[in-house]
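Subject: Structure handover

Hello,

Here is the structure for you to work with.

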Amino acid sequence: MTLALFVISLIIFGVLAWRESPLWHWGVAALVIGLLSRLDVGGSGLALDGGFGGLLLALVPGAVLLLLSVEAIRKPVLTRPVYGAVKSILPKVSKTEQDALDAGTIGWDAELFSGRPDWSKLTDIRPLTLTAEEQAFIDGPTNEVCAMIDDWDTRNNRADLSPEVWQFLKDKGFLGMLIAKEYGGLGFGAQAQSMIVSKISSRSVAAGITVMVPNSLGPGELLEKYGTQSQKDKYLGRLAKGLEVPCFALTGVHSGSDAGGMRDIGIVTKGNYQGAEVLGIRLSWDKRYITLAPIATLVGLAFILKDPDNLLGKGEEIGITLALVPRDHPGVEIGRRHFPARQAFMNGPTRGTDVFIPMDFLIGGVDRAGQGWRMLMECLSTGRAISLPAIGTTSIKQALRVSSAYARIRRQFGIPVGIMEGVAEPLGEMVKRAYTYEASRRLTASMVDEGQRPAVISALLKYRTTEAMRESVDDAFDIHGGRAIQDGPGNYLFGGYMATPVAITVEGANILTRTLMTFAQGVLRAHPFLYKEIAAAQNPDKAAGLDQFDIAFGGHTKFMLRNIAASFVHGVSNGAFASAPAQSEMGHWYRKMHRYSQDFALVADWTTVVLGGALKRKQKISGRMADILGELYLMSAVLKRFEEEGRLVEDRELVDAIMADRIAAMERTFGEVFANFPNGLLANAMRFLCFPLGRHARPASDRVNYRFVRAVLRPGAFRDRLTTGVFVSMDPDDVTGVLEDGLLKVTEAEEIEARFIKAARKGVIERRLDRDAIADAVAAGVLNENEAGIMRAADEATDRVVKVDDFAADELAAEHRAAE
């Protein structure tokens, strides 16, 4: 009877937790269970076990819960003490953090944090959508400028784009893609901007960055969203036509991600401007790493504004403020050029000392003074979702495109190197990355086009995509071997390789983005109740704060109890009772995602509650939690892409492999969190609740991965789909066109080549430099003349592909290049 009552109690309390039942339900249940626990069923009927006193004792828990369900009793007895205790535990939110949190929006990330994702929130996000005008621009001017770009000339000879490319970019509106048509811009959406930057970057990362920056975090976007009407009328049209070139200066010599610690200060005062005394700002700044600064005509500045005499009526400490200063304004200094990773995009410092600027230079005017950080974060949450993911994704796809062609064309030991298992292993990973990160790029851009500002997702995607870019470029170098490391006009990998550290570093260095920002800010913003509890704890009105906290704390308690019950049930059942969209072929993967989202919700919640204000210091755990969130997001994107592309049969196995890999990686990361959690008891409790039967996920098998490799080594729809959006040339004289031409010719000669090799192995013919083996094969009857022509064309194409650049002894010396 005791065991049966214990099991019944667990079931009842589990159901109450799963349903997030109100407190009085728990009280009634506890009363009933307490009553049943004291009943003794004997031959004479029901009797009290332990007497009336024992019954009263058994009813105490239920009575306490019922009393606490009454607000007038709960607040002074429970909520007030807890409220006082958690004030010192919950992480503090600074002004800049508050602005960052308020700037972004939450969407699908909140569903993942909730532990019970509403799949309609994912499936209802618009698919990849372009207008006819946007598609025509990609097919027309974008392809044209890609064909114009010579990356070797750009990064080695000029350290700059050619004048023709610069003029084309300005004339065609590439620098004003986000500016509305009413001001002369293209008015393109996020998806189009992302795809245009992607295609250009597949040709030259330096050119991609040049186009990206004015359309990302720059004066154009800031003016469009926050500028006064006079500022818009004055500058947007000129920016759209390339008559003005903008830069935006945020990073200082002594401040980067910690913008609140910048030393660039402006003081509100009166001064002389254009012959009259006006109210303005005496401003000093020292900025570096500013893209486009060396050629900018308009310098956007972020600085801390102070008003010691309260001339603006906003107090003495106004905060981070933004200004737009013409380059030719007295006191503006553009320093000597930086040379980041030997990349050709313009980058450099800017400085100014005691520069007086009128209030009209403030972006948005006086009304926007002190709102600069929020303005920047709102722009960054969208710009970061477009820019670096576009460059990272196209680098991943381009690395696959060229590596798959080279691995099929290049032969060793009488076979294409791509079919060798050692080469096929990294090539298979490149295939999966290409599908995954294109899926995440288009999903995130679609969110922006819907009006979302996905701050957490954009940060997550930036660091995951650029890290995957690093892995794919490294894999491409391994596959190409010596062909990759010999730089010159024919090297199509080196520019991207050199640019990888730039992508890793900018717009929030990946180390900080992963370990400090993504999870720490994500849990504050996307957790259902934590942000409300922190807001209540920081409310200066203690009475109002207590009321807010009572509601939030009650909801949080229900959320935590539900997580416990749901995580255990999903763990025991392996997600069998989890949800999935109706009529989906991938239902089992959706259910597994639901299960791991539930585990993430529990671990994220407990991690935040236990670590509290120490969360920012426990960056290894925070980074691992960011990795788990990243896996969930990538899986979401992959499933959505598969659905939107019509559930292609030829992609089904690839999607299965990606999902298996991501789940195996996620389980491993959960294990690392548990192993390093500072509280061993809670770590074991989380391990038991999330994985009661252990962790058993396995990545895709070698056999499955090998099938993808064999498919991508051939020209066709599968290879094209994996590398969609990159610039493709079929010109055999083009740096990458030589690969496409060679792949077609080698594939055409495949069956002929097989007979040729068989004859060579039998000794009928011999390949040697002093003989024409193809002519010998014709003479021996192995090939006919037509087949010999096909074979010879394939051989010649192969020679062009494997050829590397060389130089005269003094040709690379700086003095020689200067003389030219």
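Phe137, Phe168, Phe174 and Phe188 are linked into a cluster by ring pairs. Please note that this is a predicted model.

Aromatic pairs

Across the whole structure, the search gives 22 aromatic pairs. One of them is Phe13 with Trp26, a stacked pair. Their centres are 5.5 Å apart, with 5° between the planes. Phe13 sits in helix α1 (residues 2-18) and Trp26 in helix α2 (residues 23-37). The two residues are 13 residues apart, and the pair links distant parts of the chain. Phe13 is partly exposed, at 27% relative accessibility. Trp26 is buried, at 15%.

Phe674 and Phe691 make an edge-to-face pair, because their planes stand at 65° and anything over 60 counts as such. Their ring centres are 6.3 Å apart. Phe674 belongs to helix α25 (residues 649-676), while Phe691 is in the loop between α26 (680-690) and α27 (702-712). The pair therefore ties together parts that are 17 residues apart in sequence.

Nonpolar cores

The largest nonpolar core holds 181 residues. Those with the most contacts inside it are Phe174, Ile200, Phe519, Phe600, Val603, Met625 and Phe670. Helix α24 (residues 619-644) gives the most to this core, with 13 residues. Another core lies apart from it and has 30 residues, including Leu178, Tyr183, Leu236 and Ile320. As general background, nonpolar side chains tend to be buried together in soluble globular proteins.

What does Val603 touch, leaving out residues up to four places away in sequence? The list is Met625, Phe670, Val673, Phe674, Met686 and Cys690.

Helix α23

Helix α23 spans residues 587-611. From first C-alpha to last, its 25 residues reach 36 Å, close to the 36 Å expected at 1.5 Å a residue. Of those 25 residues, 21 are buried, so the rest of the structure largely encloses α23. Gly612 comes just after the helix and takes a positive phi of about 55°.

Thr607 lies in α23. Is Thr607 buried or exposed? Its relative accessibility is 0%, so Thr607 counts as buried. Setting aside residues up to four places away in sequence, apart from what the list itself names, Thr607 touches Phe519, Leu615, Ile621 and Phe677, among others.

Thr436 in α16

Thr436 is part of helix α16 (residues 421-449). This threonine is buried too, with a relative accessible area of 3%. Beyond residues up to four places away in sequence, Thr436 touches Leu634, Val638 and Ile658.

Strands β6 and β7

Strand β6 (residues 298-306) and β7 run antiparallel, joined by nine bridges. Val299 has Val325 in β7 as its bridge partner. Strand β7 covers residues 317-326. Eight of its ten residues are buried, so β7 is largely enclosed by the rest of the structure.

Best regards

Notes
Residues numbered from 1 in each chain as written. Predicted model: local features only at pLDDT ≥ 70, side-chain atom pairs only at ≥ 80, totals over all residues. Heavy atoms only, no water. Buried < 20%, exposed > 50% of the residue type's maximum accessible area, 1.4 Å probe, protein only. Helix = DSSP H or I, 4+ residues; strand = E, 2+ residues; numbered from the N terminus. Pairing = 2+ DSSP bridges. Contact = heavy atoms within 4.5 Å. Expected span 1.5 Å × (residues − 1). Core = buried A, V, L, I, M, F, W, Y, C linked by side-chain atoms within 4.5 Å. Phe/Tyr/Trp six-rings, centres within 6.5 Å; stacked < 30°, edge-to-face > 60°.
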